[in-house]
Amino acid sequence: MSDWFGRLWRSGTGRFGVIVIAVVGVTALVSLFWTPFDPQDSDLRSRWATPSWPHLLGTDDTGRDILSLLMAGARTTVFVSIGAGLVATVVGIALAALGALTARWLRETVAVLIDILIAFPVLLIAMMISSVWGGSLWVVIWSVGIGFGVNIARVTRPELRRVQQSDFILAARASGLTAGQSLARHLLPNVAPVFIVQLSWSMAVAVLAEAGLSYLGFGASVVEPSWGLLLSDLQRYIGVHPLSVIWPGLAITVTVLALNLLGDGLREATDPTLRHRAAETHTPAVVA
């Protein structure tokens, strides 16, 4: 594990992703116990304060401290990204296993199901569910998790099929391992690089989906801190107080970018083929 993390840290994209995600995670953890001000505490006397002490990022139209709102919103971002990642993991592994390790008729049925489900955009699914059950973070988590779990299954299923035909898998089955034991001990570890990359991208989509759905009114409720809600509240004043809109937009952009770059860094760190190509690219040619 230390080897691939070392390769990830040496990668510029991977290092950026690790640092930003660590900052967001620590901010979310700290906000559970402390924020400079109560995120929902309004002070009309301090409305539209410019960035200065004690409001380092200024205040909004009701006098709420924007830095406190961003810190509290990081909790929502971490909660949604982790929750959607867990759902995507379960859905993706289940569909990939059913589509790769079962009888032919079931494999083909799962493949068709994946092709059908992947045609529906994640945000559209979330909006359809929200129209029935109402907007909430759980709707975002389940819709993004299921939607991207299908994407994970589509990418992971052929990898499982390829690894399943390897000689060491045939030897494991001949030694008496069940399909479940072979999946846990051999198949999943061998497709982990592909899976981890897809998972990091699904978490980036979850952050973007939560912000977008909250912006449209289908995500977090008004009593929950959210970067998307904050952006929705402030965007109407962009012509008068443009600086206030920058902070939530910047937080969303940098977090999504970091998760995508982290996925690229993980792919480079865990894929031996890419490492071999990189080594060949950086090896100077010997001139006679």
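In helix 9, the residues Trp227, Gly228, Leu229, Leu230, Ser232 and Leu234 are buried, where buried means under 20% relative accessible area, exposed means over 50%, and partly exposed covers the values in between (1.4 Å probe, protein chains only). Helix 9 spans residues 227-234 and is mostly covered, with 6 of its 8 residues buried. The model described here is predicted: local features need pLDDT of at least 70 and side-chain atom pairs count only at pLDDT 80 or more, while totals for chains, interfaces and linings use all residues. Residues are numbered from 1 along each chain as its sequence is written, and side-chain values use heavy atoms, with hydrogens and water left out.

The wider setting comes next. The secondary structure of the protein chain comes to 11 helices and 0 strands; helices (H or I, at least four residues) and strands (E, at least two) are DSSP runs, numbered from the N terminus. The C-alpha atoms fill a box of roughly 75 × 65 × 35 Å along the principal axes. Of the 288 residues in the protein chain, 41% are buried. Contact here means heavy atoms within 4.5 Å, and among contacts with a separation of 6 or more, 68% join residues 24 or more positions apart. The protein chain exposes about 15,400 Å², of which carbon and sulfur atoms supply 67%; accessible areas come from the Shrake-Rupley method with a 1.4 Å probe, and for residues only the protein chains shown count as cover.

Which residues have the most contacts inside the largest nonpolar core? They are Ile66, Leu70, Trp227, Leu230 and Leu234, in a core of 21 residues. A nonpolar core is a set of buried Ala, Val, Leu, Ile, Met, Phe, Trp, Tyr and Cys residues joined through side-chain atoms within 4.5 Å. At least two residues of this core come from each of helix 2, helix 3 (66-101), helix 8, helix 9 and helix 10 (242-270). Helix 10 gives the most to this core, with 6 residues. Apart from this core lies another one of 14 residues, among them Leu95, Val110, Val163 and Ile169.

Leaving aside residues up to four places away in sequence, Leu234 touches Trp48, Asp60, Ile66, Ser244, Val245 and Pro248. Another serine, Ser200, is found in helix 8 (residues 179-216). Ser200 counts as buried because its relative accessibility is 5%, and it touches Leu259, Gly263 and Leu266, not counting residues up to four places away in sequence.

The structure holds 2 salt bridges, each defined as a side-chain nitrogen of Lys or Arg within 4 Å of a carboxyl oxygen of Asp or Glu. In one, the closest N and O atoms of Arg64 and Asp60 are 2.8 Å apart. Arg64 counts as buried at 13% relative accessibility, and Asp60 counts as buried at 0%. In the other, the side chains of Arg64 and Asp233 meet at 3.6 Å, N to O. This pair links distant parts of the chain, with Arg64 in the loop between helix 2 and helix 3 and Asp233 in helix 9, 169 residues apart. Asp233 is partly exposed, with a relative accessible area of 26%.

Most residues other than glycine have a negative phi, and most peptide bonds are trans. Trp48, which lies in this loop, has a positive phi of about 55° although it is not a glycine. Trp48 is buried, with a relative accessible area of 15%. Pro54 lies in the loop between helix 2 and helix 3 as well, and the peptide bond from Trp53 to Pro54 is cis, with omega near 5°.

Finally, the surface and the start of the chain can be considered. Val26, Leu29, Val30, Leu32, Phe33 and Trp34 form a nonpolar patch on the surface, with about 680 Å² of accessible area together. Such patches are made of residues with over 30% relative accessible area and no salt bridge, with nonpolar side chains (Val, Leu, Ile, Met, Phe, Trp, Tyr) joined within 5 Å and like charges within 9 Å. Leu29 belongs to helix 2 (residues 12-31). Arg10 is placed in helix 1 (residues 2-10) and counts as exposed at 60% relative accessibility.
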